[in-house]
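Here is a short briefing to read alongside the model. Please keep the structure open as you go.

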Amino acid sequence: MTIDNQEELDALIRAGRVVAEARQAMVEAVSPGTTTGELDAVGREVFRRYGARSAPRVTYRFPGTTCISINDEAAHGIPSLKRQLREGDLVNLDVSAELDGYYSDTGISVAVGKVSPVATRLLEATRLAQQDAMTTAQPGARFRDLGRVVEKRARRHGFRVIKNLNGHGIGRGLHEEPSVPSVDDGHRMVLREGLVLAIEPFLSVSSDHVIDDEDGWTLRTSDGSLVAQFEHSMVVTKEGPLVLTA
Ligand code: CO
Ligand code: CO
């Protein structure tokens with residue numbers, strides 16, 4: 001959506017706070033031995049307190065409140081009380097909610113205990129790629145510019161960008177037009193002031209695309225290599241990105 005009044009901005013700020021708080025509470029609960037089902041319950045409790053609803057459940061009947069994906073799983077992992085985190089894992093927490101008719105979406109990949117040097121570098125490169133894309137998201141920039149800076153960041157750190165996962169518009173729905181490319185796709189459309197976007201590059205050690213898992217939800221890298229994602233919802237403004245989910 002594109003914001004055109006203060007009420008819309010206030011509502012988006014409220015929705016953003018809920019998902020940011022849920023994400024943070026879940027990050028603090030990450031440790032070896034914790035199950036992804038327990039992490040999901042932590043997020044669910046924050047949503048409940050604010051009267052927010054799980055966006056993927058409302059929109060797609062996703063069988064969880066949040067999406068929790070481990071190692072080569074990029075996105076849409078189903079939380080389970082049988083799935084334990086282990087020391088050395090990378091876990092991605094993707095948290096999105098609807099509050100009073102407005103949607104917000106955020107994600108973070110975190111290390112479980114001590115992880116390999118390559119996993120540590122992948123986390124840092126992906127976090128920076130997400131920041132680069134947000135900083136580039138100024139009025140007048142082209143969508144392809146966002147993809148270009150993500151690609152550049154990935155290349156500099158020796159990683160690859162997942163090409164078939166994109167960011168998206170957000171606000172009145174979880175996934176709105178336009179799609180936000182993670183690579184330079186030649187898309188010449190220009191960003192306008194007030195546009196609300198969820199920016200979420202995925203970087204991987206050696207794969208450039210994800211494939212469907214047989215559970216019907218989980219997306220994993222084509223070659224089984226590690227993947228990471230960071231995501232924020234933001235408003236495009238002349239003063240720079242107004243991050244709703246910080
Ligand atoms: Co998300
Ligand atoms: Co998203």
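Let's begin with Asp 213, which is buried because its relative accessible area is 19% (buried means under 20%, exposed over 50% and partly exposed in between, with a 1.4 Å probe and protein chains only). This is a predicted model, in which local features need pLDDT of at least 70 and side-chain atom pairs count only at pLDDT 80 or more, while totals for chains, interfaces and linings use all residues. Residues are numbered from 1 along each chain as its sequence is written, ligands are numbered from 1 and chains lettered from A in the order in which they are written, and side-chain values use heavy atoms, leaving out hydrogens and water.

**Salt bridges**
- Asp 213 forms a salt bridge with Arg 220 (2.8 Å, N to O); the term requires a side-chain nitrogen of Lys or Arg within 4 Å of a carboxyl oxygen of Asp or Glu.
- Arg 220 is partly exposed at 24% relative accessible area, whereas Asp 72 is buried at 17%.
- A network of salt bridges links Asp 72, Glu 73, Arg 83, Asp 213 and Arg 220.

**Cobalt site**
- The cobalt ion (ligand 1) is coordinated at 2.0 to 2.4 Å by Asp 94 (OD), Asp 94 (OD), Asp 105 (OD) and Glu 231 (OE); donors are N, O and S atoms within 2.8 Å of the metal (3.2 Å for Na, K and Ca), and water is not among the atoms, so sites may look incomplete.
- Asp 105 coordinates both this ion and the cobalt ion (ligand 2), which lie 3.2 Å apart.
- Asp 105 counts as buried at 3% relative accessibility, and Glu 231 counts as buried at 0%.
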